[in-house]
Amino acid sequence: DQLMGIDLDVEYATRDNGGDIDDGTLTSIGFSYALGDMGMTLHVSNSVADADWGGMTAAPHGTHGIADLFADNDIDDTTIGLDFSPMDGVDATLNYITLAEDSTGDDIGTEVDLLLTWACTDATSMEIGYASFSGEEDGAADEDFFYLGTGWSF
């Protein structure tokens with residue numbers, strides 16, 4: 001009973017880059033805690049993809065924030081967020097993300113994401129996402145990103 005609502009995910013991946021090239025690694029740890037009857041879940045995660053990491057496929061949308069501004073390697077990504085339901089049929093996620101270069105530790109910037117998902121019917125849904133990225137002094141430009149998507153179950 002003491003651990004109800006806690007979820008811990010740990011991932012370590014390595015890629016054999018062959019020959020004299022260093023093997024790449026990806027390490028990720030995530031923690032979430034369901035806040036009981038409040039209907040909210042707090043989540044914190046950190047993932048580090050070193051400079052030699054090269055995924056087998058392109059990273060899925062939202063890997064380092066929903067704005068997708070950066071490559072899949074040499075990234076240290078820390079996310080703090082909250083999932084909640086502001087009204088029946090609507091789910092929301094609010095994330096604060098810090099991004100840095102893994103190899104140097106230099107800050108890249110921060111991103112704030114807001115995602116709303118609405119279950120329109122049993123077979124259809126709508127998702128709205130907004131991200132605001134603030135670049136640090138190393139030249140990363142400030143960006144805003146918005147999308148609207150729908151889903152259908154057949």
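A residue is called buried when its relative accessible area is under 20%, exposed when that area is over 50%, and partly exposed in between, as computed with a 1.4 Å probe on protein chains only. By this criterion, 23% of the 154 residues of the protein chain count as buried. The structure is a predicted model, in which local features need pLDDT of at least 70 and side-chain atom pairs count only at pLDDT 80 or more, whereas totals for chains, interfaces and linings use all residues. Residues are numbered from 1 along each chain as its sequence is written, and side-chain values use heavy atoms, with hydrogens and water left out.

The protein chain contains zero helices and eight strands. In these assignments, helices (H or I, at least four residues) and strands (E, at least two) are DSSP runs, numbered from the N terminus. The C-alpha atoms fill a box of roughly 55 × 40 × 35 Å along the principal axes. Contact is defined as heavy atoms within 4.5 Å. Among contacts between residues at least 6 apart in sequence, 43% join residues at least 24 apart.

The eight strands form an open sheet with antiparallel pairing, in the order S1-S2-S3-S4-S5-S6-S7-S8. Its edge strands, each of which pairs on one side only, are S1 (6-15) and S8 (143-152). Two strands are taken to pair if DSSP finds at least two bridges between them. On average, neighbouring strands of this sheet are turned by 15 degrees against each other, direction ignored; the axes are lines fitted to C-alpha atoms, for helices over the stretch in contact, and angles run from 0 to 180 degrees between N-to-C directions.

Several pairings may be described individually. Strand S2 (residues 24-34) is joined to the antiparallel strand S3 (residues 41-49) by nine bridges, and Ile29 stands opposite Asn46 in S3. Nine bridges also connect S3 with strand S4 (residues 75-87), again in antiparallel fashion; here Leu42 stands opposite Leu82 in S4. Between S4 and strand S5 (residues 90-101), the antiparallel pairing extends over 11 bridges, with Ile80 opposite Tyr96 in S5. S4 and S5 form a hairpin with two residues between them, and Gly89 in the turn has a positive phi of about 85 degrees.

Individual residues illustrate different surroundings. Glu111 is found in strand S6 (residues 107-119) and is buried, because its relative accessible area is 1%. Gly39 has its place in the loop between S2 and S3 and counts as partly exposed, at 49% relative accessibility. With the sequence neighbours up to four places away again set aside, Gly39 touches Asp83, Phe84 and Ser85. The C-alpha atoms of Gly39 and Ala141, which are 102 residues apart along the chain, are separated by 36 Å.

The structure holds one aromatic pair. The rings of Phe145 and Tyr147 have centres 6.0 Å apart and planes at 45 degrees, so the pair is tilted. Rings of Phe, Tyr and Trp (its six-membered ring) pair if their centres lie within 6.5 Å; planes under 30 degrees apart count as stacked, over 60 as edge-to-face and the rest as tilted. Phe145 is partly exposed, with a relative accessible area of 28%, whereas Tyr147 is buried, with a value of 18%.
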